[in-house]
Amino acid sequence: MARPQHLGWFFSRGFGPQGWDRPYLGWNWDWRRPDLYQQSVRDLERAGFDLVIAEDALSLGNADTLDLRVRRAYGGPKHDPLMLAPYLFAATSRIGIAPTVNAAQVAPYTAARQFATLQHLSGGRFGINVVTDVGSARHFGDAPPLGHDAAYDRAEEWIDVIRRLWHSWDEGALVEDAESGHYADGARIRSFQHRGKYFALDGPLNAVPFEDGDDPVIVSPGGSPRGLGFAGARSQVQLALAPMATAAVREYRARVHEAAVAAGRGPGDIRVLFVFKPEIVASVAEAERIVEASRHPSDADLLTVALGQSSDLETDLTAFDLDASVDPAAFGQHVSQGSIRGLTGGDTEAPLRELLTRKARKGRIADRDGVVGTAEEVADYIEELGDDAHNDGVIFSGDLHPVGVHRMLDDIVPVLRRRGILRQELGDGGLRANLFDF
Ligand SMILES: Cc1cc2nc3c(=O)[nH]c(=O)nc-3n(C[C@H](O)[C@H](O)[C@H](O)COP(=O)(O)O)c2cc1C
């Protein structure tokens, strides 16, 4: 039997117009109503997935690139995924739900209270994807924004004080003795004072302790040295991105484990789950056809690639001349050099058409050259990561739309189950218990 792994779903474009610009828009779901997500998450639970992580962006970004975000609903609008969580819990009983929360968006006392409420309401199935982006700082009275590493420092203080609030009720504080009528013992509840660099507040929290001390799960997506430091010290799930190769996965895992050990924790305290968006097709012939067609993209294909890149780069590539090279000065000051290199690959000579053509190019997973493959071929790759790189698991990525979920999972779930990679069913002990039961 293959090594068992944890599977999850990254709700990648977040709680916005699901299916916009996709053929399945015609299914007529209303993205503003909960039924669409409830239907999807029920199917993910049936599939045996441990958790759903919901992306978020707090704002529409810079005023001068606003249209780029909303034109095709690529970067907004969005509802707040934290508010979606209770609806998803109500529709399911075992799967974990981890909305993205930026440590800048909500004060720690309020956050601790909201998170504690959701952890109790869900029977221990709640998690928080802690992010540190400072691009929306001006909406929060936070000007000038913090730098990259300082935002992580603030997030660490935020989560530490949230935890302190969660644990402000000592052992024995909750009495719950109906016979004597004694509910709780105030002498065992600590009124601590926190005076930190970023936050000043007093405890205790007006919430009862979690059963078995089972805090909500912390998810971390940052891959920089500072981001991995945060993960090593604070999180239970690292949302990892790495090139498609066993060696790269092994190396990424080693860096997370080193960070955990440096923080006084063990490698077994954190699950490293790789985000992966396979294109699963019915046959090898179809995979070959798709890969071959991608070598000769139409102008419409290039426009689709340009739109996605424009949103990521906050620069309207569709207004550039397709047959001229790209001037790095055309990008705003705030666009990272890494993102620009992601488009150009360091090639300053090639015309935009050539760069977009390279981006449009697909490859076969069987050749470890891309993500297109049959369910068996994709399962081969996942199995290899488990057996050769001791991988903990994989997070598929896409809309939280039943059509997208089924397209990705219909064929691969039975294959992964048959091979023993995917569990038969989720346990009922909550998210942390599921993540750490193997
Ligand atoms: C898979 C993945 C998912 C992410 N999801 C979000 C998100 O939903 N919202 C957000 O603001 N940032 C998100 N981020 C960005 C990270 O929070 C972080 O800002 C970014 O990775 C830069 O941090 P780093 O320099 O430590 O890598 C995500 C990053 C990755 C790799």
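Mentor: Start with the elements. Two of them, strand E3 (96-102) and helix H6 (225-234), each supply at least two residues of the shell around the ligand. Keep in mind that this is a predicted model.

Now the shell itself. There are 17 residues around the ligand. Val131, Pro221, Gly222, Ser224 and Gly227 come nearest. Gly227 falls within the range of helix H6 (225-234). By class, the shell holds 6 nonpolar, 7 polar and 4 charged residues.

Next, follow E3 into the sheet. Strand E3 belongs to a closed barrel of 8 strands. The order is E1-E2-E3-E4-E9-E10-E11-E14, and the pairing is parallel. On average, neighbouring strands of this sheet are turned by 25° against each other, direction ignored. Take the pair E1 and E14. Strand E1 (residues 6-11) pairs with strand E14 (residues 393-398) in the parallel sense, over 6 bridges. In this pair, Gly8 stands opposite Ile395 in E14.

E3 has a helix across it too. Helix H3 (residues 81-91) lies across strand E2 (51-54) and E3. The helix runs at about 170° to E3.

Last, step back to the domains. Domain 1 covers 6-283 + 366-435, and domain 2 covers 296-360. Their C-alpha centres lie 30 Å apart. At the contact, 8 residues of domain 1 meet 6 residues of domain 2. The side of domain 1 that touches domain 2 has 2 nonpolar, 4 polar and 2 charged residues.

Note on methods. Residues numbered from 1 in each chain as written. Predicted model: local features only at pLDDT ≥ 70, side-chain atom pairs only at ≥ 80, totals over all residues. Near = placed C-beta within 6 Å. Helix = DSSP H or I, 4+ residues; strand = E, 2+ residues; numbered from the N terminus. Nonpolar A, V, L, I, M, F, W, Y, C, P; charged D, E, K, R; others polar. Pairing = 2+ DSSP bridges. Axes fitted to C-alpha atoms, helices over the stretch in contact; angles between N-to-C directions. Contact = placed C-beta atoms within 7 Å. Domains from an automatic or database assignment.
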